[in-house]
Amino acid sequence: MKQPNVLLIFTDQQRSDSLGCYGFDAIPTPHLDRLAEEGALFENCYCDNPVCTPSRACLLTGKPLPGHGVYQVHNNLPEEFSLFPKHLKEKNYNTALMGKLHVSGRAHEREVRHPNTGFDVFESAMTPNNVTGKLNSYGAWLRKKHPEFHDKLKKLGRNIGHVPEEVHFTRWAAEGTIDYLKNRDKNKPFFCYMSVVDPHDPYGDYPSTMLEQVDQSKLPDPIIHEGQTTSGPAGIQREHYHSYLGGVPNYTPEQIHQMREGYYASIAFIDREVGRVLEVLEKEGLKEDTIVIFGSDHGDMIGDHELLAKGAFFYDACTKVPLIIRYPEKVEAAQRIKDLVQLHDIAGTILSQAGFAQEELNELMPDSMDLISLIKEKADYQKRRD
């Protein structure tokens with residue numbers, strides 16, 4: 001069996017109801033919508049944890065939350081655990097990271113590479129608004145190609161405001177991915193992980209050119225039920241008044257609206273850059289034997305239920321994420337899968353398709369199932385019914 005290539009495209013803090021293929025129509029997302037049309041869309045994919053670090057540790061180890069010891073945003077993944085790209089190398093894969101890893105705390109990961117990441121190419125950067133640290137390929141890229149913007153970003157950080165397209169983190173990750181696809185080792189199958197930080201806050205750092213992509217007449221207002229937050233559980237009340245972005249009562253409705261339009265403008269830009277990557281994949285003749293997976297680590301409340309960002313609350317806006325898989329060799333087009341799945345299933349899916357036997361997967365990550373087998377099972381069942 002020929003081993004497939006794998007391109008995993010991952011965003012940060014993107015709720016599932018933010019793409020056209022999931023029914024959202026306030027921004028154009030033609031490239032991701034096409035990816036869904038050509039593959040399978042999961043209607044009920046949930047993150048393992050609604051906070052970045054533990055969620056990404058689940059994704060990359062293939063283990064559910066109790067399986068790896070990362071429970072909070074500043075925890076570090078213990079060194080004895082391996083990320084699944086390391087296992088791919090056992091099957092002769094060439095592996096590459098372009099962007100955010102975040103299986104350990106931010107300060108730690110800017111300086112120290114986990115010993116078992118398994119990436120041959122390691123172009124890592126933790127955030128788009130901090131250019132410091134030994135492991136900051138985005139900062140190094142800016143310093144080399146756009147030194148004036150590098151110095152401006154170093155000075156202003158999260159207060160940078162709109163970031164032009166040509167120097168944006170999402171553009172950098174896309175350019176790195178395109179370069180890798182064009183110059184890959186053609187004697188080996190590849191796994192490439194393109195990991196961008198948007199639509200994560202701060203919400204105002206999207207390219208200003210993207211605001212025109214937001215249809216204000218279709219941009220929904222926040223979902224609010226009077227008294228739900230202020231009279232609810234103590235933890236919800238605490239997040240309502242004291243989230244890491246501040247209390248919701250401190251913001252005007254206009255400011256919340258600006259957050260929401262910036263959030264969706266960022267997604268419109270992500271879609272455009274993903275389109276550029278997929279175009280190169282096709283031009284390189286790789287489309288048919290490459291598994292493309294699109295997902296995100298968790299969602300974002302952006303004002304819904306009078307809450308901001310993410311945290312220990314379990315509304316769909318925070319926990320339900322997009323998941324799309326395209327694999328022309330094995331996945332029939334335009335399927336919608338209703339089964340409940342989680343992000344840690346992605347690792348088992350990739351390893352299974354790379355040639356790992358079920359006995360090996362039971363040893364490495366027994367809770368991670370092969371989603372492509374699930375897709376085929378659902379398609380076969382539908383054919384029998386028809």
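Tutor: Buried means under 20% relative accessible area and exposed over 50%, with partly exposed in between (1.4 Å probe, protein chains only). This is a predicted model, in which local features need pLDDT of at least 70 and side-chain atom pairs count only at pLDDT 80 or more, while totals for chains, interfaces and linings use all residues. Residues are numbered from 1 along each chain as its sequence is written, and side-chain values use heavy atoms, without hydrogens and water.

Student: Why does E43 count as buried?

Tutor: E43 counts as buried because its relative accessibility is 19%. E43 lies in the loop between β2 (40-42) and β3 (45-46); strands (E, at least two residues) and helices (H or I, at least four) are DSSP runs numbered from the N terminus.

Student: How is β3 paired with β8?

Tutor: β3 and β8 are antiparallel, over two bridges; pairing requires at least two DSSP bridges. Y46 has K320 in β8 as its bridge partner. The open three-stranded sheet runs β8-β3-β11 with mixed pairing, and its edge strands are β8 (320-321) and β11 (341-342).

Student: Which residues of α6 are buried, and which are exposed?

Tutor: In α6 (residues 147-156), F149, H150 and L153 are buried. On the other side of α6, E148, K154 and K155 are exposed. Just after α6, G157 has a positive phi of about 55°.
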